[in-house]
Amino acid sequence: MLLIGVNRSPYTRRVAITLKAYDVPFEQRPLSGFADRAEVRASNPLGRIPALVLDDGETLIDSGAIIDHLDEIYGRDRALTPASGADRRAVLKIAALMMGACDKGLQAAYTRNHTPAERIHQPWIDDCNAQVTSALLAVDAVVDPTRPYLLLGRLTQADITAFVAERLARGIGLDTEAQMPRLRTLTRKLAAEFPFSSTEPPAA
Ligand SMILES: N[C@@H](CCC(=O)N[C@@H](CS)C(=O)NCC(=O)O)C(=O)O
């Protein structure tokens, strides 16, 4: 199995953490959606990371669809996203909030990095960052500091997505320590667990 993408990408890292949590061996080709456009498009015509090439050559794209497949094959009755019911809805809701926060944080970053300085519309960037903040605050409110994980008393995709979104938020300058202290404490604890520590990207 081959994971295409750099772990600096929250979407790629989410898949890498999931593979490690399921103890699935894989290789990784650390391509960037911007620096390695042609190579990335050869795996995903949309030109985005991550993509996952399965052992039979089939290529899956988009972190949500990739994780759906991993849950089906490797998660079974302990899937990181429960198969049905209220538990599934609760995990999916946090995952949607956190992946949406990543989308908005990256929109702000893309605007800053890919727009000529005189055309940058700061209110749009501020709006995006406010949405990231609001989503993270909602998850901060769910954290129970006496419990090791967000939901269900075990690691779920809620923790994984909260981890990558909080990390992205710090990367774009949000002070999560001050604004979401419970979430920051949770992500510090998660960072010490193997699926998270073993997927830490190299310092830029
Ligand atoms: N919804 C996608 C988002 C993937 C995504 O936006 N990846 C970024 C890297 S963080 C990318 O490849 N951006 C390049 C581009 O959009 O041109 C997923 O969950 O996999």
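## A buried threonine

Thr156 is buried, with a relative accessible area of 0% (buried means under 20% relative accessible area, exposed over 50%, and partly exposed in between, using a 1.4 Å probe and protein chains only). Thr156 sits in the loop between α5 and α6; helices (H or I, at least four residues) and strands (E, at least two) are DSSP runs, numbered from the N terminus. Leaving aside neighbours within four places in sequence, Thr156 touches Leu80, Val91 and Leu151, where contact means heavy atoms within 4.5 Å.

Before going on, a word about the model. This is a predicted model, in which local features need pLDDT of at least 70 and side-chain atom pairs count only at pLDDT 80 or more, while totals for chains, interfaces and linings use all residues. Residues are numbered from 1 along each chain as its sequence is written, and side-chain values use heavy atoms, with hydrogens and water left out.

## Helices that meet α6

Let's look at the helices on either side of that loop. Two packed helices are described by the angle between their axes and the distance between the axes. Helix α5 (residues 122-140) packs with α6 at an angle of about 140°, and their axes are 11 Å apart. Here axes are lines fitted to C-alpha atoms, for helices over the stretch in contact, and angles run from 0 to 180 degrees between N-to-C directions. This makes α5 oblique to α6 (under 35 degrees counts as roughly parallel, over 145 as roughly antiparallel, 65 to 115 as roughly perpendicular and the rest as oblique). Their crossing is left-handed, meaning that the near helix is turned anticlockwise from the far one by less than a right angle; clockwise would be right-handed. On the α5 side, Val132, Leu136 and Val139 meet Ala162, Ala165, Glu166 and Ala169 of α6.

Helix α1 (residues 10-21) is another partner: the axes of α1 and α6 come within 10 Å and cross at roughly 145°. This crossing is right-handed. The residues of α1 that take part are Pro10, Arg13, Arg14, Ile17 and Thr18, and among those they meet in α6 are Ile160, Phe163 and Leu168.

## Two aromatic pairs

A pair of aromatic rings is described by the distance of the centres and the angle of the planes. The whole structure has two aromatic pairs; rings of Phe, Tyr and Trp (its six-membered ring) pair if their centres lie within 6.5 Å, with planes under 30 degrees apart counted as stacked, over 60 as edge-to-face and the rest as tilted. Phe34 and Tyr110 make an edge-to-face pair, 5.1 Å centre to centre with 75° between the planes. Phe34 lies in the loop between β2 (27-29) and α2 (37-43) and Tyr110 in helix α4, so this pair ties together parts 76 residues apart in sequence. Phe34 is partly exposed at 38%, and Tyr110 is partly exposed at 35%.

Phe163 and Phe196 are also edge-to-face, at 4.7 Å centre to centre and 65° between the planes. They link helix α6 (residues 157-171) with helix α9 (residues 194-197), 33 residues apart. Both Phe163 and Phe196 are buried.

## Cysteines and a lysine

How many disulfides does the structure hold? It holds zero, a disulfide being a pair of cysteine sulfur atoms within 2.5 Å. For Cys102, the nearest cysteine sulfur is that of Cys128, 13 Å away. Cys102 is buried at 0% relative accessibility, and Cys128 is buried at 0% too.

Is Lys93 buried or exposed? Lys93 is exposed, at 60% relative accessibility, and belongs to helix α4 (residues 85-114).
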